[in-house]
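Subject: Structure handover

Hello,

Here is the structure I said I would pass on. My notes on it follow below.

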Amino acid sequence: MTTVVVPVRYPLTEHSRATLQAAIDLAAERDATLTVLHVDLYQDDRRVTWSDLKRTVERAFGTVERTRYVVRRSFMVEETILDEVAAEDADVVVIGSAQISRWRKALRSLLGEPDVEAYLRDQLDCELVTVPV
């Protein structure tokens, strides 16, 4: 079965809602399971639970069939997303164009002017879908 992973912010931002809607639609089209991922940063000292995430998503979108809700604590969002995608053996990752900007900012300090989509495509052994938000 196909697995779609979508990283989102909590509480859901307008961009996260648009990205999540695209991921829900894609999962339905492909008869896939969906993993909604939130990375809770240690430095933000916030404690989001998977049930918080699930309640918020279901309040915004209703019950989403075949969906797993995951909250990971980390210092680095990007690394945690890559780890979760690998652990899930995901087939598709859906990210918003705003997320691409965050990746670009993080990688700029390491690589100069990185092509973030190319970097992610190289790092991820799966399809990458970017949602314009």
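Predicted model: local features only at pLDDT ≥ 70, side-chain atom pairs only at ≥ 80, totals over all residues.

S2 and strand S3 (residues 67–74) are paired in parallel, with eight bridges between them. Within this pairing, Asp40 sits opposite Arg73 of S3.

As for cover, eight of the nine residues of S2 are buried.

One residue I looked at separately is Arg46, in the loop between strand S2 (33–41) and helix H2 (50–61). Beyond its neighbours within four places in sequence, Arg46 contacts Tyr10, Pro11, Asp40 and Arg73. Arg46 and Arg73 are 27 residues apart in sequence, with their C-alpha atoms 9.5 Å apart. Arg46 has a relative accessible area of 34%, so it counts as partly exposed.

For the protein as a whole, there are five helices and five strands, in the order β-α-β-α-β-α-β-α-α-β from the N terminus. The protein has 133 residues, of which 44% count as buried. Of the contacts between residues at least 6 apart in sequence, 73% join residues at least 24 apart. The accessible surface is about 7300 Å², and carbon and sulfur atoms account for 46% of that surface.

Regards

Notes
Residues numbered from 1 in each chain as written. Heavy atoms only, no water. Helix = DSSP H or I, 4+ residues; strand = E, 2+ residues; numbered from the N terminus. Buried < 20%, exposed > 50% of the residue type's maximum accessible area, 1.4 Å probe, protein only. Contact = heavy atoms within 4.5 Å. Areas by Shrake-Rupley, 256 points an atom, 1.4 Å probe, with all protein chains shown as cover. Pairing = 2+ DSSP bridges.
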